[in-house]
Amino acid sequence: MDVLAPFRIAFEGLKPGKHDFEMRVDAEFFDSFPLSELSSVDAICCVELDKIGTTLDCVVKLSGHCDLPCDRCLGPIQLPLAFQERLVVKLGEVTDFESDVWTLGSDVHELDLSQAVFEWCHLALPNRRIHAADAECDEEVTDHIGWQDENQPSGSSEGENDDIDPRWNALKDLK
Ligand SMILES: [Zn+2]
């Protein structure tokens, strides 16, 4: 089965107005691409496509979670994976995927969202991937690699800067 088939929307047969599509984004989806940082993913992608004349106005929402190695102990850590993106596509003469507004030439009969969803998933990943509590980390690994916890008081006054409200750190992770 072609797991990317649901991501190719045959727009020509669509009536003007809104249409909803739902696709599963999982390990098989990411296996379809040669280079992926993600492999263990379970998410649902919803596309609301509004066909207005020769414009396809798409809102793409993804919600789910993924497993990535912890930066500290390399053990698996489950992180939320979510994004909402808007993609405007014009039906024209010459195909162009480079601009913010895509153009599909007259020889293109499907709107393929798979590559865009793949890239948005990677952009949505948090930069800091670390178990919330030290105790959750695999001690054998952290001992072996001699991990120094940056939040441990180092004896200098610099440590005070680490005393940031944890809610602020959570917000930074949302970027
Ligand atoms: Zn860890």
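Mentor: Gladly! Helices (H or I, at least four residues) and strands (E, at least two) are DSSP runs, numbered from the N terminus. From the N terminus on, this chain reads β-β-α-β-β-β-β-β-α-α-α, with four helices and seven strands. The model is predicted, so local features need pLDDT of at least 70 and side-chain atom pairs count only at pLDDT 80 or more, while totals for chains, interfaces and linings use all residues. Residues are numbered from 1 along each chain as its sequence is written.

Trainee: How do you know that S3 and S4 pair?

Mentor: Two strands pair if DSSP finds at least two bridges between them. Strand S3 (residues 40-52) and strand S4 (residues 55-69) have 13 bridges, in the antiparallel sense, so they meet that cut-off. One example is Lys51, whose bridge partner in S4 is Leu56.

Trainee: What lies between S3 and S4 in their hairpin?

Mentor: Two residues separate them, and Gly53 in the turn has a positive phi of about 60°.

Trainee: Why are S2 and S6 called edge strands?

Mentor: The open sheet has five strands in the order S2-S3-S4-S5-S6, with mixed pairing. Strand S2 (17-26) and strand S6 (102-104) each pair on one side only.

Trainee: What makes a group of residues a nonpolar core?

Mentor: It is a set of buried Ala, Val, Leu, Ile, Met, Phe, Trp, Tyr and Cys residues joined through C-beta atoms within 7 Å. Buried means that 20 or more other C-beta atoms lie within 10 Å of a residue's own, with C-beta atoms placed from the backbone. The largest core here has 24 residues, and Val25, Cys45, Val60, Leu62, Leu113 and Val117 touch the most other members. At least two residues come from each of S2, helix H1 (27-31), S3, S4, S5, S6 and helix H2 (114-123).

Trainee: Which residues does Val117 touch?

Mentor: Leaving out residues up to four places away in sequence, Val117 touches Phe7, Val25, Cys45, Val60 and Leu62. Contact means that the C-beta atoms of two residues, placed from the backbone, lie within 7 Å.

Note on methods: Buried ≥ 20, exposed ≤ 12 C-beta atoms within 10 Å, placed from the backbone.
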